[in-house]
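Hello,

Here is the structure we talked about. My notes follow below it.

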Amino acid sequence: MKKLLLLLSFSGALFLLGGCWDRTEINDLAIATSAAIDQKENDQIELSLEIFLPKAFGGGSAQGGQVGGQGITLVISHTGSNMADALSKLQGVLPREIFWGHCKTFVFSEAVAKKGIIDHLDFLLRQPDIRDRAHIFVSEKKARRILEQKTNLEPYTGQALLEQTDFGIGMRVTMQELDEMLVSRMQSAALPYLKIKTQKKSEEEKFRFADISGVAVFRKDKMIGRLSEERTRGLLWLRDEIKGYTVSASPPGVNGVVSVNPVSVYSKMTPSIVDGKWRILLTIKTDGVIVQNSTPLDFFNPTSLASVEAALQDSIETRVRESLEKTQHQMKADVANFAAEFYREYPEEWKQVENHWPEKLSEVEVEVDARMIIRSQGNLILPANEKEGGEQW
């Protein structure tokens, strides 16, 4: 009797198990790897998806986004009144269900960015299968063209862009970070800016590729301008996100250039309000390693080493000030997030300027204190151009 009751209990539990009745097989999915949003006439938008083609891996080896001479992705587009409308029309022409789980790259055209991206971001954040850690970009011209570019090392353009951002080339902004920027007190944002560049492979053949070239600057949800690559580096120092870049400088009165790779960077903002004047002290501490030296300086000489460190510090300060001049004074966009620092230290004073922060931002005095310490001189004992008396390296 006990065995019978146990058997009936287990049998009854089977009815409570859902099983896999609602599963979707992978060969029933259209896997989106990247997406692009372009502006069309009559307030229409064009949604383009880069769809992965599993059958392309049926034979051959992947190289330059090609498998056996066939592309491993397909770009399809459809227009609509908004993202939801365009997506439903795209789904209507596809024999498979669109799957967003592997879509890690979203590209807005500059035309869309200038018109405003908040409605498009609203749609993306509401989709449960879209990753909030997907990366967001702005393209100079049509965003679909970014998805159509071929790559040499990565299987498709979206993956190539992710690798560049992970390596520290330009800014790295996810969907979640963008949302936090736009709803924060700063109400400003910066996104990596893409251009399509051309490189000659031969006299007859040209290779076009998507390249991160500065950042697009937003006030609220609209793009108001962009920073060049040089000024973007200053912004990265401000935001404590510098990585993958080399700092070069020429000490006064010395021929040649010294190049240093930052090993560790520490950036801190200290706000203050004295006699009604709002100030920010930006402290940047950098440890670096010399990677190239074309000067005759001997770095075992403390005076020579100090002159190089001072020149590098001036170079960093110049980059930061140029970035602030463009964003803080010309664009009045708080991409450095000064607002959060003042709110944290002076909440009552902040409330008085909150409604006109862009105007107040341009009045904030910024003092930059950059400190560079060279921790390693590399493997060469003497400068590469030192040849006196047959001395050895």
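**Aromatic pairs**

The count comes to five aromatic pairs, where rings of Phe, Tyr and Trp (its six-membered ring) pair if their centres lie within 6.5 Å, and planes under 30 degrees apart count as stacked, over 60 as edge-to-face and the rest as tilted. One of them is the tilted pair of Trp-278 and Trp-357, at 6.2 Å centre to centre and 45° between the planes. Trp-278 belongs to strand β15 (residues 277-293) and Trp-357 to helix α12 (residues 357-361), so this pair ties together parts 79 residues apart in sequence. Helices (H or I, at least four residues) and strands (E, at least two) are DSSP runs, numbered from the N terminus.

This is a predicted model: local features need pLDDT of at least 70, side-chain atom pairs count only at pLDDT 80 or more, and totals for chains, interfaces and linings use all residues. Residues are numbered from 1 along each chain as its sequence is written, and side-chain values use heavy atoms, with hydrogens and water left out.

Trp-278 and Trp-357 are both buried (under 20% relative accessible area; exposed is over 50%, partly exposed in between; 1.4 Å probe, protein chains only). Phe-342 and Trp-357 have ring centres 6.2 Å apart and planes at 65°, so that pair is edge-to-face. Phe-342 lies in helix α10 (residues 338-345), so its pair with Trp-357 in α12 ties together parts 15 residues apart in sequence. Trp-278, Phe-342, Trp-350 and Trp-357 form one aromatic cluster.

**Helix α6**

Eight of the ten residues of helix α6 (residues 157-166) are buried, so the helix is largely enclosed by the rest of the structure. Among the buried ones are Leu-161, Leu-162 and Gln-164.

Regards
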